[in-house]
Amino acid sequence: MSQMTELMIDDDRPYWNMSIEPKLNTPEMREIQEYKLKKQIKRLREGAPYYSQLFKKCSVHEDKIKSFEELRHAIPVFTKKDWRELVQRYEGNIIEAVDQLIPVNAYTDLYLMSTTTGTTGEPEPYAMTKKDVWDVYGEVLARYGWRCGVRQSDRVLLAFGLSMFIAGVPTIAGFWKIGCLVLPVGAEAGTERILRMANYFRPTVLIATPSLITYLIDRCPDILGKNVGELGIRIIMCGGEPGAGMPQVRQKIESAYGARLFDLGAALGVSCWHEEYQGMHQVGDDFQIFELVHPDTKEPLPFKNGQQGEAVYTMIDGGGWGWVRHSMGDIMEIYTEPCPCGLSGFRYKVVGRTDDMLKVKGVMIYPSMIRSVVESFVPRVTTQFRIVLDEPPPRVAPPLKLKVERGEGFPPEKLEELATEIGDSMSAKIKIRPKIIWMEAGELERSTYKGKTFEKTYEKK
């Protein structure tokens with residue numbers, strides 16, 4: 001799509017890419033994926049040493065593999081453990097390790113390097129050529145923005161972390177493709193500067209983590225002497241952590257800002273305009289094949305409505321993203337039936353992360369499950385909590401300790417009764433009854449990046 005075409009596009013059309021997006025999650029798209037997959041296998045076999053050896057060992061060749069179903073049973077899942085071992089093999093030389101995985105030269109052909117946040121360990125790199133930045137990731141972000149209602153006339157304040165994060169600098173390309181003015185303030189600037197820049201430049205779109213978006217509500221009156229609803233923001237796009245899909249968080253943010261909240265990320269997806277959260281529509285089928293595997297055995301799981309498992313990705317387009325059955329550790333639930341909103345793409349919800357899974361009396365618990373229950377008690381509590389771990393996870397000796405902030409103005413004499421209510425709710429919904437440790441409103445540390453979930457006391461011993 002040329003720049004001239006972009007400037008003349010119809011603002012009322014439902015999709016950014018009208019030739020591809022209507023085909024998402026259809027038999028026709030599967031044919032496109034299979035065609036691209038064979039080309040990608042050839043590129044990796046000829047240009048990526050790691051995959052060249054793996055394909056030879058697993059008898060994988062583009063002329064023999066007839067479908068992705070065959071590939072997923074032939075190639076093992078690439079995990080964070082595999083990445084760490086590869087880096088160790090090259091004595092910590094990240095560029096050399098990356099060079100083994102991609103079908104281009106890591107020393108001469110890459111345009112941009114970004115990473116995961118690394119909140120649960122060493123960050124993993126996204127090795128991006130110019131094609132990856134503009135035609136793959138930038139294209140996906142343009143599809144996100146368009147579905148959220150972002151148009152050329154919008155001013156976009158980007159408050160994700162800019163320091164190497166995939167959600168930072170690379171995200172700018174998508175909004176440039178739409179034609180927006182981008183204000184790259186970044187989470188590193190801190191809440192005061194973010195709010196002052198918002199007051200100066202009056203963005204219509206704000207992009208950040210739910211933690212930061214919520215924290216700005218509390219800080220805006222102190223810093224600017226006004227409420228966030230007076231800043232003129234009409235669209236908020238959140239990612240990086242749970243929150244945008246939770247009714248209590250969504251209601252608080254949308255009512256405070258007078259804006260519409262959208263959830264994005266994790267698997268090239270974005271939520272829709274439907275009144276009830278329907279999960280995120282995956283909009284990148286032409287760039288990536290998505291599958292689910294069993295979190296423990298890594299055995300392939302059926303791609304069907306309501307299926308839950310560990311998300312695994314295979315890139316079939318681009319330059320430096322040479323992923324084949326690559327796991328980022330996310331546990332998801334997918335929905336293949338049509339969305340009530342009418343837009344294309346299968347949908348998914350992030351249930352948790354393999355790194356964050358806890359086992360209490362044999363019950364598998366993810367922080368998002370706990371968050372959902374805690375936030376259902378707002379405003380009697382704030383949205384802040386911490387899971388206290390006295391021993392390394394995943395096993396937790398019951399009861400699970402949970403620090404929770406009481407809501408401002410909630411009477412201390414009623415906290416015991418409230419703790420019982422929360423315990424009853426968690427027992428009914430996630431089969432655990434935690435020990436509640438009450439904190440004052442604002443006592444738990446806030447973050448401009450991802451919100452903190454765990455307090456690991458065992459690391460201080």
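Author: One definition comes before the rest: helices (at least four residues) and strands (at least two) are DSSP runs, numbered from the N terminus. In those terms L268 is found in the loop between β7 (260-263) and β8. The model is predicted.

Reader: Where does S59 lie, and does it count as buried or exposed?

Author: S59 lies in the loop between α3 (49-57) and α4 (68-74). Although S59 is not a glycine, its phi is positive, about 60°. The cut-off for exposed is over 50%; at 54% relative accessibility, S59 therefore counts as exposed.

Reader: Which peptide bond has omega near 15°, and which has omega near 0°?

Author: Most peptide bonds are trans. Two proline-proline bonds here are cis. P394 is in the loop between β16 and β17 (395-396), while P399 is in the loop between β17 and β18. Omega is near 15° for the bond from P393 to P394 and near 0° for the bond from P398 to P399.

Reader: How far apart are the end C-alpha atoms of helix α13 (residues 415-430), and what span should its 16 residues give?

Author: The expected span is 1.5 Å times one less than the number of residues. For the 16 residues of α13 this should come to 22 Å. The end C-alpha atoms agree with that, at a separation of 21 Å.

Reader: Which residues of α13 are buried, and within what arc do they fall?

Author: The buried residues of α13 are L415, L418, A419, I422, G423, S425, M426 and I430. An α-helix has 3.6 residues a turn, so residues three or four places apart point the same way. Seen down the axis of α13, its buried residues line one face of the helix, because they fall within an arc of 165°.

Reader: Which exposed residues does α13 carry on the face turned away from its buried side, and what covers the buried residues?

Author: The face of α13 turned away from the buried side carries E416, E417 and A428, which are exposed. The cover over its buried residues includes β15 (363-365), α12 (367-375), β16 (381-389), β18 (401-406) and β19 (435-439).

Reader: Which residue follows α13, and what is its phi?

Author: The residue that follows α13 is K431. Its phi is positive, near 65°.

Reader: In what order do the strands of the open sheet of six run, and which are its edge strands?

Author: The order is β8-β9-β13-β12-β11-β10, with antiparallel pairing. An edge strand pairs on one side only, and this holds for β8 (269-270) and β10.

Reader: How many bridges join strand β11 to strand β10 and to strand β12?

Author: Strand β11 (residues 308-315) is largely enclosed by the rest of the structure, because seven of its eight residues are buried. A311 in β11 is the bridge partner of L292. Towards β12, G309 stands opposite M332 and E310 stands opposite I331. The antiparallel pairing with β10 (residues 288-293) has six bridges, and that with β12 (residues 326-335) has five.

Reader: Where is S114, and which residues does it touch?

Author: The place of S114 is strand β1 (residues 112-115). At 1% relative accessibility, S114 counts as buried. Leaving out residues up to four places away in sequence, S114 touches E124, P125, Y126, M128, M164, F165, I166 and P170.

Reader: How many cavities of 30 Å³ or more does a search of the whole structure find, and what is the volume of the largest?

Author: The search finds four cavities of 30 Å³ or more. The volume of the largest cavity is about 160 Å³.

Reader: Which element gives the largest share of the lining of the largest cavity?

Author: Fifteen residues line the largest cavity, and W83, L101, P125, W323 and H326 lie nearest its centre. The elements that give two or more residues to this lining are α6 (94-101) and β2 (125-128). The largest share is three residues, and it comes from β2.

Notes: Residues numbered from 1 in each chain as written. Predicted model: local features only at pLDDT ≥ 70, side-chain atom pairs only at ≥ 80, totals over all residues. Heavy atoms only, no water. Buried < 20%, exposed > 50% of the residue type's maximum accessible area, 1.4 Å probe, protein only. Arc of directions from axis to C-beta. Contact = heavy atoms within 4.5 Å. Pairing = 2+ DSSP bridges. 1 Å grid on protein atoms, 1.4 Å probe; cavity = no way out; pocket = protein on both sides within 12 Å on 5 of 7 lines; lining within 4 Å. Points joined across faces, edges and corners; volume = space filled by probe spheres on them.
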